[in-house]
Amino acid sequence: MYNHYENDFAKFWIDNGILYYVYKPYPIINLDLAKQIVADRLKLQGGIIYPMFCDTRGIINSEQEARDYLATRGSILCTAIAFLVESVYNLEMVNFYIKTSKPCIPAHIFTKRQEALDYLKDFK
């Protein structure tokens with residue numbers, strides 16, 4: 001098992017019991033892309049459950065099918081997710097995702113990296 005992976009859409013790594021997931025800037029996340037991202041993440045995890053730090057600042061837009069897939073299949077092997085946002089647009093997009101797609105694990109939005117990581121400590 002390796003502890004980091006990178007594809008054209010995201011970077012993933014595991015450090016101190018937390019799975020880090022950083023989206024790269026990409027015009028739109030569609031269902032096929034969401035499936036690839038989840039498959040790559042699951043390979044990295046090797047069947048081990050982690051809380052997830054998800055840096056969404058690179059997300060420009062996403063399709064509803066992709067959001068729904070990420071809210072269900074994208075939560076597999078995760079205890080909780082902390083979203084890092086930066087702009088008002090990014091905040092609204094992630095807030096909309098949480099309200100409409102309803103992830104099946106605890107999900108919170110943060111504007112400060114350390115606050116997000118502190119939140120995830122309770123889910124290790």
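Residues are numbered from 1 along each chain as its sequence is written, and side-chain values use heavy atoms, with hydrogens and water left out. In this predicted model, local features need pLDDT of at least 70 and side-chain atom pairs count only at pLDDT 80 or more, while totals for chains, interfaces and linings use all residues.

The description starts with the sheet. Its elements are DSSP runs numbered from the N terminus: helices are H or I runs of at least four residues, and strands are E runs of at least two. Two strands pair if DSSP finds at least two bridges between them. On this basis there is an open sheet of 6 strands in the order S1-S2-S3-S4-S5-S6, with mixed pairing. Strand S1 (4–6) and strand S6 (107–110) are the edge strands, each pairing on one side only. On average, neighbouring strands of the sheet are turned by 15° against each other, direction ignored. Axes here are lines fitted to C-alpha atoms, for helices over the stretch in contact, and angles run from 0 to 180 degrees between N-to-C directions. Helix H4 (residues 113–120) packs on the sheet and touches S3, S4, S5 and S6, and its direction makes about 170° with that of S5. Contact means heavy atoms within 4.5 Å.

Strands of a sheet pair through backbone hydrogen bonds, either parallel or antiparallel. S1 and S2 run antiparallel and are joined by 3 bridges; they form a hairpin with 3 residues between them. His4 stands opposite Trp13 in S2. S2 and S3 also run antiparallel, with 6 bridges, and here Trp13 stands opposite Tyr20 in S3. S4 and S5, in contrast, run parallel and are joined by 5 bridges. Asp55 has Leu84 as its bridge partner in S5.

The hairpin of S2 and S3 has 2 residues between the strands. Asn16, in the loop between S2 and S3, has a positive phi of about 55° although it is not a glycine. Asn16 is exposed, at 61% relative accessibility. Buried means under 20% relative accessible area, exposed over 50%, and partly exposed in between (1.4 Å probe, protein chains only). Leu77 is another residue other than glycine with a positive phi, near 65°. Leu77 sits in the loop between H2 and S5 and is partly exposed, with a relative accessible area of 23%.

A nonpolar core is a set of buried Ala, Val, Leu, Ile, Met, Phe, Trp, Tyr and Cys residues joined through side-chain atoms within 4.5 Å. The largest such core has 31 residues, of which Tyr23 and Phe83 touch the most other members. Elements giving two or more residues to this core include strand S2 (10–15), strand S3 (18–23), helix H1 (31–45) and helix H3 (88–101). H1 provides the largest share, 5 residues. Beyond its neighbours within four places in sequence, Tyr23 is in contact with residues including Phe9, Ile37, Cys54 and Leu70. A second, separate core of 11 residues includes Phe53, Leu84, Ala116 and Leu117.

A pair of aromatic rings is described by the distance of the centres and the angle of the planes. Rings of Phe, Tyr and Trp (its six-membered ring) pair if their centres lie within 6.5 Å; planes under 30 degrees apart count as stacked, over 60 as edge-to-face and the rest as tilted. The count comes to 9 aromatic pairs. Phe9 and Tyr26 have ring centres 4.8 Å apart and planes at 90°, so this pair is edge-to-face. Phe9 lies in the loop between S1 and S2 and Tyr26 in the loop between S3 and H1, so the pair ties together parts that are 17 residues apart in sequence. Phe9 is buried, at 10% relative accessible area, whereas Tyr26 is partly exposed, at 31%. Trp13 and Tyr20 form a stacked pair, with 5.1 Å centre to centre and 0° between the planes. Trp13 is partly exposed at 27%, while Tyr20 is buried at 7%. Tyr5, Phe12, Tyr21 and Tyr23 form one aromatic cluster.
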